Amino acid sequence: MTPRVETHYAVLGIGPRATPEQVDRAYRHAAGLYDEEALATYSLLDSEERQQARARVEAAYVVLRDAGRRREYDLSLGMAETVASLVPSPPVVDAPARPPLVVLPDPVTGPDLKRFRESRGIPLREIAAASKVGVRFLEYIESERLDALPAPVYLRGFVQEYARVVGLDPRPTAQSYLARVAGGR
Amino acid sequence: MSGAVALALPRPSRRQIWSIGGGKGGIGKSLLAASLGWQLARLGKRVVLVDADLGGANLHTCLGIPAPSRTLGDFILRRVERIEDVMVETPFPRLRLISGASDVLGAANINYQQKVRVLNRLRSLDVDIVLLDLGAGTANNIIDFFLISDVSLLAVVPEPTSIENGYRFIKSALYRRLRAAAPTAAVRDVIDAALDQKNAQGIRTPLDLLAAVEREDAAAVTRLRREMTEFHPRFVVNQVRSPADIAIGHQLVTACARHLGVRASYAGFVHYDDAVWRAVRQRQLFVARDPDGVPAHEIRHIARTLVEGETMALAW
């Protein structure tokens with residue numbers, strides 16, 4: 001059913017050039033998929049199969065999250081491409097490191113940003129960690145709390161950072177969002 | 001079990017057939033169909049909604065209009081000659097409806113020739129998108145409409161029963177497609193055996209099935225694998241209440257790839273909203289009543305995503 005030998009990268013569904021943040025995100029996705037309570041696998045796998053899958057995910061993450069162990073592992077692979085699986089066309093394995101940046105239709109609202117972020121499974125604290133913009137401000141951006149948002153010159157930078165982390169095109173996203181909230185101030 | 005592939009007719013470049021299936025009843029599939037049709041029409045597409053739930057048609061109620069006097073059943077039973085004669089206007093520009101056939105006894109079991117006639121006529125309609133609201137369950141009629149569609153949507157809600165039925169639907173559809181492509185009787189026998197969940201060969205998933213076919217007929221596997229890559233269901237997760245519910249769509253896509261060998265994608269999600277059900281009780285289309293509400297925005301997003309041929313990929 002599952003391929004006989006899978007690299008740690010294949011187990012997490014990422015390419016060998018994945019960044020540490022991408023490894024973390026892929027791990028959270030895979031761990032959620034094989035959780036004992038996971039709706040997506042409960043009727044596909046029995047408890048033992050889920051447990052085995054979880055163990056593979058944990059084993060992969062322990063190596064790939066640690067730069068030193070990851071380098072050693074890469075060397076042991078000879079950085080060869082991932083092992084071909086039985087799956088006819090795996091959508092995630094070997095995918096490019098990142099999908100192209102998305103431009104949301106004008107006008108971009110706070111709820112639009114939130115919806116897009118949630119659809120990508122990215123928590124606010126991750127954006128905060130990557131962008132150094134506080135979670136509170138990110139929440140204000142999403143809820144369009146005009147009274148609490150900073151001056152446009154700062155806000156533009158915040159929205160661009162937010163966009164960059166979630167995979168939106170930063171410049172048009174910030175431009176559209178700012179134009180919209182400027183009308184409400 | 002015959003004819004699933006024979007139904008795949010030549011596809012004109014612009015006119016498309018979309019379908020929404022779901023395996024399980026009561027998950028808001030008809031509402032999704034009605035509101036998706038409405039949003040597509042707002043995007044400028046000429047849309048005809050077809051209530052293909054031949055046993056329990058109620059799409060007209062979702063649209064807030066009385067039951068049309070002529071239905072798909074009249075066309076199937078040749079009470080009218082042209083399918084256009086059973087197509088009615090809705091209160092919404094560019095959105096029309098072909099109502100289901102719940103009033104016609106036996107219509108839920110239309111035969112193969114009738115099905116081909118319906119599909120041919122649907123493809124010849126002068127519209128941009130024919131959107132089929134499929135009934136619940138995994139009957140061959142439903143599966144065939146799903147398989148011939150250019151865009152095959154599978155609605156689920158974040159509940160174990162719905163997701164289990166969703167997988168069952170995918171397996172039934174895929175096996176029907178594979179069976180129609182099977183080159184020999186021996187391969188068909190393996191596929192038939194796989195349809196029984198408790199089969200002696202221990203085939204639980206399509207990947208198990210490929211392995212079993214390979215033992216029987218190595219050459220046939222290449223062909224079946226190609227069929228599998230062309231089978232592309234798209235999930236819509238309805239009635240989500242939390243980010244964890246939204247993530248289920250991504251998990252389903254990964255689970256399909258890794259454990260079923262099926263290349264699915266995630267078309268989008270719609271939040272649970274009490275206002276939706278209040279609108280239904282008042283026989284109003286909720287997206288039209290509250291076009292700025294969260295569900296309306298989310299359905300617009302799904303419509304746009306599908307029209308532009310994109311999916312909600314994970315960010316890595």
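**View 1. Strand β6 of chain B in the predicted model is largely enclosed by the rest of the structure, because 5 of its 6 residues are buried.** The strand covers residues 151-156. It runs parallel to β1(B) (residues 16-21), joined by 4 bridges. In that pairing, Gly21(B) stands opposite Leu154(B). Strand β6(B) also runs parallel to β7(B), here with 5 bridges. Leu154(B) stands opposite Phe235(B) in β7(B).

**View 2. An open sheet of 8 strands in chain B has mixed pairing.** The strand order is β3-β4-β2-β5-β1-β6-β7-β8. Strands β3(B) (87-89) and β8(B) (265-271) stand at the edges. Each has a single partner strand, so one side of each is left without a neighbour in the sheet. From one strand to the next, the twist averages 25°.

**View 3. Strands β2 and β5 of chain B pair in the parallel sense.** The strands span residues 47-52 and residues 129-134, respectively. They share 6 bridges. One bridge sets Leu49(B) against its partner Leu131(B) in β5(B).

**View 4. Helices α5 and α6 of chain B cross at roughly 75°.** Helix α5(B) holds residues 140-148 and helix α6(B) residues 160-181. Their axes come within 10 Å. The two helices are therefore roughly perpendicular to each other. From α5(B), Asn140(B), Ile143(B), Phe146(B) and Leu147(B) take part in the contact. They meet Ser172(B), Ala173(B), Arg176(B) and Arg177(B) of α6(B). By class, this contact has 4 nonpolar, 2 polar and 2 charged residues.

**View 5. Helix α1 of chain B is mostly covered.** Of its 14 residues, 13 are buried. The helix runs over residues 29-42. At 1.5 Å a residue, α1(B) should span 20 Å, and its end C-alpha atoms are 20 Å apart, which agrees. Just after the helix, Gly44(B) takes a positive phi of about 100°.

Technical notes. Residues numbered from 1 in each chain as written. Chains lettered and ligands numbered in written order. Predicted model: local features only at pLDDT ≥ 70, side-chain atom pairs only at ≥ 80, totals over all residues. Expected span 1.5 Å × (residues − 1). Buried ≥ 20, exposed ≤ 12 C-beta atoms within 10 Å, placed from the backbone. Axes fitted to C-alpha atoms, helices over the stretch in contact; angles between N-to-C directions. Parallel < 35°, antiparallel > 145°, perpendicular 65-115°, else oblique. Contact = placed C-beta atoms within 7 Å. Nonpolar A, V, L, I, M, F, W, Y, C, P; charged D, E, K, R; others polar. Pairing = 2+ DSSP bridges.
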